[in-house]
Amino acid sequence: MSDVTSETPAVPYHVKGPNAVSRPASRPVSRTPRPVVGAAVLDEVAAPTVLLAARRSAPEALAGLWEFPGGKVEPGEDSRSALVREVHEELGVHIRLDREVAADHPEGWLLGNGARMRVFTAVIIEGDPQPLEDHDLLEWRALDRAVLQELDWIPADRPIVDALVELVRPES
Ligand SMILES: Nc1nc2c([nH]c(=O)n2[C@H]2C[C@H](O)[C@@H](COP(=O)(O)OP(=O)(O)OP(=O)(O)O)O2)c(=O)[nH]1
């Protein structure tokens, strides 16, 4: 699926007469990156100790980097439903969402491509996570800032990892 949504301007393709054009007139097209959602999957809600990190296998530019499982919100879909769907597709598990790892913007954390990502903590309520789609490795890692930051995260995810640890293990 494409990274952007675009609006096709209503421009006549075929104008008769001396000013005839064979293609749409050039004019700025709105390109809004799709919102993204990510899951901080924890071992439990009350006193979590580990986070499930996922290593991307595609596209080439992101392969080998670690991230929160998730993906793009489909048009008309709400963020939470999109995240439950994405994680089921990618890891084969059902999750229950808990708190949002809030960014300083209501639409979430700014990503490298200009999209924004909302991140929610979650726990698995059914299934055993497997890297079925988009990932080649999953790893449960201690909810410790230094231990988590040892992973080669997508750069935009590093401040989210710190905010997550602050949210769920403020005493650590
Ligand atoms: N899922 C996820 N995507 C992230 C994170 N950090 C980050 O920069 N991204 C970027 C990578 C991608 O450009 C975009 C998410 O796209 P995606 O490829 O995961 O979305 P998707 O599963 O819906 O894929 P598709 O339908 O486009 O094939 O957000 C993260 O922690 N998790």
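This is a predicted model: local features need pLDDT of at least 70, side-chain atom pairs count only at pLDDT 80 or more; totals for chains, interfaces and linings use all residues.
**Entry 1: the core**

I began with the largest nonpolar core, which holds 33 residues. I looked for the members that touch the most other members, and they are Ala 39, Ala 40, Val 41, Leu 51, Val 119, Ala 122 and Leu 164. Next I checked where the core comes from: strands S3 (36–42), S4 (50–56) and S9 (116–126), together with helices H1 (79–91) and H3 (158–168), each supply at least two residues. S3 gives the largest share, six residues, and that made S3 my next stop.

**Entry 2: strand S3**

How many residues of S3 are buried? I found seven of the seven, so the strand is largely enclosed by the rest of the structure. I then sorted its residues by direction. Val 36, Gly 38, Ala 40 and Leu 42 point one way, while Val 37, Ala 39 and Val 41 point the other way, and all are buried.

Which strands does S3 pair with? I noted these:

- S9 pairs with S3 in the parallel sense, over seven bridges, and here Val 41 stands opposite Ala 122.
- S6 (residues 70–72) pairs with S3 in the antiparallel sense, over three bridges, with Gly 71 as the bridge partner of Val 37.
- S4 also pairs with S3 in the antiparallel sense, over two bridges, and Val 41 stands opposite Leu 52 in this strand.

**Entry 3: helix H1**

At 1.5 Å a residue, its 13 residues should span 18 Å, and the end C-alpha atoms are 18 Å apart, which agrees. I then listed the buried residues of H1: Ala 82, Leu 83, Glu 86, Val 87, Glu 90 and Leu 91. Where do the buried residues fall, seen down the axis of H1? They lie within an arc of 125 degrees, so they line one face of the helix.

What does that set pack against? I traced the buried residues of H1 to S3, S6, strand S7 (94–100), S9 and strand S10 (135–142).

Notes:
Residues are numbered from 1 along each chain as its sequence is written. A nonpolar core is a set of buried Ala, Val, Leu, Ile, Met, Phe, Trp, Tyr and Cys residues joined through C-beta atoms within 7 Å. A residue is buried if 20 or more other C-beta atoms lie within 10 Å of its own, exposed if 12 or fewer, and partly exposed in between; C-beta atoms are placed from the backbone. Helices (H or I, at least four residues) and strands (E, at least two) are DSSP runs, numbered from the N terminus. Two strands pair if DSSP finds at least two bridges between them. The expected span of a helix is 1.5 Å times one less than its number of residues. The arc is that of the directions from the helix axis to the C-beta atoms. Two residues are in contact if their C-beta atoms, placed from the backbone, lie within 7 Å.
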